[in-house]
Amino acid sequence: MLSFAIPGTVVGVSYILAFNVPPIEITGGALILVICFVFRNMPVGVRAGMAALAQIDKSLDEASLTLGARSFTTISRIMLPLVRPALVASLVYAFVRAMTAVSAVIFLVSAQYNMATTYIIGRVDAGEYGVAIAYSAALIIFTLVVILLIEALVGKRRLGRRGPMTDVSALPA
Amino acid sequence: MKKGPASVEFRGIVKRYGSVTAVDDVSFSIAPGELVTLLGPSGCGKTTTLRLIAGLEMATEGTIAIAGKDVTRLSAADRDVSMVFQSYTLFPHMSVLENVAYGPNVQGVGKARAREMANEKLALVGLAGLGDRAPFELSGGQQQRVAVARALVLEPQVLLFDEPLSNLDAKLRRRVREEIRELQLSLGLTVAYVTHDQQEALAVSDRIIVMSNASIAQVYARATGHLARRLRSCLLDLLSPRDQGRSADLAGLCPSAALVCSATWAIG
């Protein structure tokens with residue numbers, strides 16, 4: 001959780017200092033943006049995943065094992081579906097944070113690889129409010145679409161309590 | 001696919017967790033088609049013993065053989081053993097049918113065939129037609145029966161029960177244990193059954209292994225097993241007109257044998 005305690009600007013400057021010289025010289029590229037976001041948002045995903053895994057009964061994967069499923073099958077068919085809510089939450093969180101972050105990336109962007117947020121700030125600074133507003137609107141819509149896509153692809157909530165669609169007459173007496 | 005029930009052999013099994021010895025030099029065997037109960041207070045090592053058979057724990061010392069084959073170092077997935085857990089452990093994100101069909105599905109049996117096998121076993125435990133339900137839509141007893149169906153679906157050589165009835169109420173407990181026993185007898189399954197309830201142990205088992213302090217304290221065989229067969233043959237001898245001398249001899253050795261024999265014969 002340490003990466004939360006560090007202000008974004010400090011992270012950005014640190015990345016520049018660390019990666020501006022060989023052997024790993026990646027400042028000004030797209031990769032450094034990706035890496036920065038991955039490490040900055042990872043703790044949330046890890047914590048959410050840990051919490052979700054801790055909720056799963058250990059005997060569930062033992063049951064899967066005794067039925068002849070190997071570890072990989074057990075993970076993909078039992079564990080992953082059960083931690084899916086946590087997975088979705090982390091994905092959405094990380095994505096939104098990455099799309100809206102300014103402080104961490106403001107030193108990392110270059111003319112070639114810019115971020116929408118920093119570009120919008122640049123337009124506001126230049127007094128081009130029209131462009132800034134248009135970009136902002138596009139950013140909001142794009143983020144929304146992606147969140148809905150994530151929900152549709154991995155967010156199907158199939159476990160838990162009896163859903164409202166359950167036919168009451170079909171339940172056991 | 002037909003393999004039939006198999007024997008289980010435990011030879012000098014020791015299981016240590018650090019400095020704690022959970023199972024200390026335990027040796028026993030389970031004959032094919034026999035139901036053996038591990039009975040004992042909590043913490044006596046009975047569940048660990050069961051998990052050693054399943055391959056969910058690895059023995060520190062000794063060898064385990066199933067059907068005469070050494071499986072000591074095989075993982076749970078490679079042993080032909082299924083287990084029914086105390087807490088049912090149905091997969092909550094699958095329907096009842098998908099739960100039961102899980103075994104054949106991951107073994108690479110075709111989808112249609114897996115469903116067929118699952119339906120067959122659901123019918124066997126009296127839950128035909130409930131395949132589309134989610135596990136949480138079933139009562140505790142029904143969930144436990146689904147767990148039994150799921151364990152049976154691959155027709156394992158050995159079936160393990162880990163306190164399967166402890167989450168059920170007293171009345172249901174009696175019924176389900178009778179169902180388990182009937183199923184075991186009719187399918188001729190080799191079963192290892194863990195419980196801390198003496199009555200339950202007496203009701204279902206062919207043999208009872210009483211454990212305490214990580215080792216075997218006592219073994220009891222049910223009268224309907226070997227002993228009853230001996231008694232029955234002795235009764236036959238007594239009734240046989242051909243070999244008067246020998247029957248008289250037997251009767252002399254054991255004056256009350258005839259009485260005991262007639263009692264077991266009547267029951268048997």
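A: B:His93 counts as buried, because its relative accessibility is 9% and the cut-off for buried is under 20%. The model is a predicted one, and the distances and areas given here are computed from it. In this model the side chain of B:His93 reaches across to chain A, where it comes to 2.9 Å from the backbone oxygen of A:Arg77.

The wider setting is the contact between the two chains. On the chain B side 29 residues are in contact, and they meet 28 residues of chain A. The size of an interface is often given as the accessible area lost when the parts come together. Here chain B and chain A bury about 2,400 Å² between them, and 60% of that area is on carbon and sulfur atoms. Within chain B, the residues that lose the most area to chain A are B:His93, B:Tyr102 and B:Phe136, which together account for 26% of what that side buries.

Four elements of chain B each supply at least two residues of the side that touches chain A: helix 1 (46–54), strand 6 (81–84), helix 2 (96–106) and helix 4 (140–152). Helix 2 of chain B gives the largest share, four residues. By residue type, the side of chain B that touches chain A divides into 16 nonpolar, eight polar and five charged residues.

Charge pairing across the contact comes next. The count of salt bridges between chain B and chain A is two. In one salt bridge the side chain of A:Arg70 meets that of B:Asp78, at 2.5 Å from N to O. Salt bridges also link A:Lys58, A:Glu62, B:Arg51 and B:Glu57 in a network. Inside chain B, the network includes the salt bridge of B:Arg51 with B:Glu57, whose closest N and O atoms are 3.0 Å apart. Both B:Arg51 and B:Glu57 are buried.

Over all chains, a search of the whole structure finds 15 salt bridges. One of the salt bridges within chain B joins the side chains of B:Arg16 and B:Glu61, at 3.4 Å from N to O. B:Arg16 belongs to strand 1 (residues 8–17) and B:Glu61 to strand 4 (residues 61–66) of chain B, so this pair ties together parts that are 45 residues apart in sequence. B:Arg16 is partly exposed at 36% relative accessibility, and B:Glu61 is partly exposed at 40%.

Another salt bridge in chain B is formed by B:Glu155 and B:Lys121, with the closest N and O atoms 3.4 Å apart. B:Glu155 is in the loop between helix 4 and strand 7, while B:Lys121 is in helix 3 (residues 111–124), so the pair ties together parts of chain B that are 34 residues apart in sequence. B:Glu155 counts as partly exposed because its relative accessible area is 30%, whereas B:Lys121 is buried at 7%.

B:Glu155 also has a backbone feature to check. Most residues other than glycine have a negative phi. The phi of B:Glu155, however, is near 50°, a positive value. B:Asp25 is likewise a residue other than glycine with a positive phi, near 50°. B:Asp25 is found in strand 2 (residues 20–30) of chain B, and at 51% relative accessibility B:Asp25 counts as exposed, because the cut-off for exposed is over 50%.

Last, the cysteines. The count of disulfides over all chains is zero. Among the cysteines, A:Cys36 is buried at 1% relative accessibility, and B:Cys44 is buried with a relative accessible area of 2%.

Technical notes
Residues are numbered from 1 along each chain as its sequence is written. Chains are lettered from A and ligands numbered from 1 in the order in which they are written. This is a predicted model: local features need pLDDT of at least 70, side-chain atom pairs count only at pLDDT 80 or more; totals for chains, interfaces and linings use all residues. Side-chain values use heavy atoms; hydrogens and water are left out. Contact means heavy atoms within 4.5 Å. Buried area is the accessible area (1.4 Å probe) that two parts lose on being put together, summed over both. A salt bridge is a side-chain nitrogen of Lys or Arg within 4 Å of a carboxyl oxygen of Asp or Glu. Ala, Val, Leu, Ile, Met, Phe, Trp, Tyr, Cys and Pro count as nonpolar, Asp, Glu, Lys and Arg as charged, and the others, Gly among them, as polar. Buried means under 20% relative accessible area, exposed over 50%, partly exposed in between (1.4 Å probe, protein chains only). A polar contact is a pair of N or O atoms within 3.5 Å; within protein, one must be able to donate a hydrogen and the other to accept it, and residues adjacent in sequence count only if both atoms are side-chain atoms. A disulfide is a pair of cysteine sulfur atoms within 2.5 Å.
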